[in-house]
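Here is a short briefing on one protein model with a ligand. Please look over the sequence and the structure, then read the notes by topic.

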Amino acid sequence: MAAGTSGNTVGAKVNGSGVKASDTEDFCWSEALAELTGSAASPSINIGAVCCDRQVALGQGARIGVRWLGRGQERRDLSFQDLSDLSGRAASVLTSLGLQSGDTVAVLLGRVPELYISALGIWKAGGVYCPLFSAFGPGPIKARLELGRARFLITTEDLFTRKVVPNLSDLPDLQHVVLVGEDGRSARAMERCSDFYAQLKAAAPMAPVATRQEDPAFMHFTSGTTGTPKGAVQPHRAVLAHLVTGRTVFGLVPDDVFWCTADPGWVTSTAYGIIAPLVCCATTLVDEADVEPRRWYGILADERVTAWYTTPTSIRTMMRYGAALARSYRENSLRVAASVGEPLNVEAVQWGQKALGVPFLDTWWQTETGAIVIANHRNCVSKPGSMGQALPGVETALVRCESGVAHMVTEPDTVGELAIHSGWPSLFCGYLGEYDRAEGCFRGDWYLTGDLVKRDAEGFFWFVGRADDMIKSGGLRIGPFEVEASLMDHPAVAEIGVVSKPDLLLREVPVAFVSLNPGFESGDALRLELLSFARQELGAGMAPREIHFVAELPKTNTGKIMRRMLKAKASGESDEADIPTLQPCPGRFDDE
Ligand code: AMP
């Protein structure tokens with residue numbers, strides 16, 4: 001359990017010395033708990049149960065919970081009754097395969113109906129849902145299956161063959177693979193494998209396990225600057241934050257059609273593609289295809305999407321096609337549109353108004369926070385270009401370290417590291433197996449986010465940059481270490497430094513600076529070989545876009561690669577002066 005979380009259950013009001021959201025004073029998370037469980041003091045809650053079984057019990061079983069649009073013309077609707085029944089069967093299958101409470105179940109699937117059935121089933125069985133990006137190469141997938149100690153994997157035969165089988169002998173923890181047949185029929189049987197639908201058909205739905213609020217429910221791998229990826233674990237009580245933010249940010253009600261375009265491997269898909277709409281009894285719309293503006297405008301209009309959550313990269317892609325194209329489609333039903341993952345510029349916010357009739361509202365959160373914590377939300381005045389204000393129930397502060405002492409920044413418009421007081425329900429419980437690493441993110445009860453921001457006099461946050469060297473490319477969080485470690489496996493590479501370079505569409509892309517081992521010659525042939533080696537191992541999203549050969553990498557006296565210098569070089573800047581920096585903060589605040 002990470003410092004500051006100490007396994008507390010919800011029920012307390014927020015407190016501390018930071019800045020509270022204006023309407024936070026009387027905010028109490030236990031009201032959400034009472035609504036979902038019938039008791040403000042309930043020690044147990046199960047995300048799977050409250051997302052579907054509860055809706056059935058409330059007489060909403062016939063409503064559409066998941067509406068799936070296939071890449072072609074296919075479509076499939078799953079009512080809350082269907083979701084309840086199928087997820088109960090999935091839970092039963094996993095349990096009969098030997099799943100025990102707290103076991104990790106990795107899910108390597110695209111945006112398909114089986115993803116939703118699996119997630120709900122895993123929660124109802126007491127397992128930990130761990131989705132993986134299907135665009136990753138075999139290397140990152142193996143690393144995550146290994147680090148997550150996944151005992152079960154749900155995937156397709158194609159993804160399994162291409163991305164898992166090459167490393168299967170190195171995954172002794174993996175006990176069983178459930179395959180979703182590409183055509184929905186029985187997948188080819190292999191050792192340790194069984195077929196998703198055949199198993200579901202044969203199983204009887206089981207009642208959900210009475211998980212405790214603090215029991216682990218889902219885990220997403222995320223990256224920092226150093227070390228291997230980290231599995232951030234969120235508890236079952238996180239659903240309280242999804243219920244509340246689903247309402248405050250998006251105003252979700254049962255008649256809504258909510259469309260979250262995130263990849264299933266990203267926490268945004270779990271929190272806002274699955275949990276928030278279902279717990280609010282709205283329909284979650286799922287489009288299997290990748291971003292394509294014409295298709296998207298058609299979906300917005302034809303499916304009467306009322307609330308939309310997407311990314312700045314997708315918005316920039318649509319902007320390239322022009323507002324006239326958007327307006328040429330039948331009028332949409334959008335009430336609210338929002339974005340997350342990277343800064344959203346003022347032009348993009350205004351373009352939303354012009355092209356779609358609603359401005360894009362920027363929201364801020366990260367894997368570790370588990371749910372939106374800062375937003376321009378529909379009930380408040382929004383400030384285009386800002387990330388918005390802290391949401392009710394969230395207490396924020398800016399922290400800065402001077403002369404070895406951490407203190408809170410109270411002057412407006414001053415840069416500091418964004419800190420959030422623990423006590424909101426979706427805060428991660430730690431990184432799996434690496435609680436020391438998670439403790440490093442806490443100062444007392446404050447969680448330090450690693451993001452540098454300014455807060456203006458009205459409480460709006462403005463993104464400045466990262467305090468570390470993490471790369472954000474098209475919304476994907478990339479740890480330079482993981483990319484470097486993979487390329488080090490190539491015999492030509494002696495040393496490597498991976499940094500971000502600005503990009504007009506993706507905002508940042510990873511680029512690599514490489515020094516070579518004796519006997520290897522720099523040049524286009526080796527550059528292409530290294531680029532293709534990286535794409536194959538890591539997948540296209542994570543692989544460097546450029547390779548620069550250098551005689552030696554710039555280092556500090558202690559031998560650490562000076563990434564800031566490489567970053568300035570990659571951006572074509574003559575120096576590193578405008579890259580923000582803060583000293584790391586010590587363990588406690590000056591006033592403690
Ligand atoms: P992830 O954990 O992959 O969701 O990445 C979280 C990181 O994405 C944050 O720590 C920020 O650096 C960045 N991020 C998320 N939302 C925003 C936003 N609205 N503006 C700027 N950066 C953002």
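**Briefing: a helix residue, the ligand shell and selected sites**

Asp-53 is found in helix α2 (residues 47-57). Helices here are DSSP runs of H or I with at least four residues, strands are runs of E with at least two, and both are numbered from the N terminus. The model is predicted: local features need pLDDT of at least 70, side-chain atom pairs count only at pLDDT 80 or more, and totals for chains, interfaces and linings use all residues. Residues are numbered from 1 along each chain as its sequence is written, and side-chain values use heavy atoms, with hydrogens and water left out.

- Asp-53 counts as buried because its relative accessibility is 17%. Buried means under 20% relative accessible area, exposed means over 50%, and partly exposed lies in between (1.4 Å probe, protein chains only).
- The side chains of Asp-53 and Ser-84 are joined by a polar contact of 2.8 Å. A polar contact is a pair of N or O atoms within 3.5 Å; within protein, one must be able to donate a hydrogen and the other to accept it, and residues adjacent in sequence count only if both atoms are side-chain atoms.
- Leaving aside neighbours within four places in sequence, Asp-53 is in contact with Gly-48, Ser-84, Lys-124 and Pro-208. Contact means heavy atoms within 4.5 Å.

**The ligand shell**

- The ligand is surrounded by 17 residues, and the closest are Thr-363, Gln-366, Thr-367, Asp-451 and Arg-477. A residue is near a molecule if one of its heavy atoms lies within 4 Å of it.
- A ligand nitrogen atom is 2.9 Å from a side-chain N or O atom of Asp-362.
- A ligand oxygen atom is 3.0 Å from a side-chain N or O atom of Trp-266. An oxygen atom of the ligand is also 3.0 Å from a side-chain N or O atom of Asp-451.
- On its own the ligand has 500 Å² of accessible area, and the protein covers 97% of that. Accessible areas come from the Shrake-Rupley method with a 1.4 Å probe; for residues, only the protein chains shown count as cover.
- Two elements give two or more residues to the shell: β15 (360-364) and β24 (461-466). The largest share, three residues, comes from β15.

**Two loop residues**

- Thr-367 lies in the loop between β15 and β16. Thr-367 counts as buried because its relative accessibility is 7%.
- Not counting residues up to four places away in sequence, Thr-367 touches His-220, Thr-222, Ala-232, Gln-234, Val-267 and Arg-477.
- Val-381 sits in the loop between β16 (374-375) and β17 (389-390). Val-381 counts as exposed because its relative accessibility is 67%.
- Val-381 is in contact with Gln-389 and Phe-460, leaving aside its neighbours within four places in sequence.

**Helix α11**

- Seven of the 10 residues of α11 (residues 312-321) are buried, so this helix is largely enclosed by the rest of the structure.
- Those buried residues are Pro-312, Thr-313, Ser-314, Ile-315, Arg-316, Thr-317 and Met-318.
- Their cover includes α10 (293-302), β13 (307-310), β14 (336-339), α13 (346-356), β15 and β28 (507-516).
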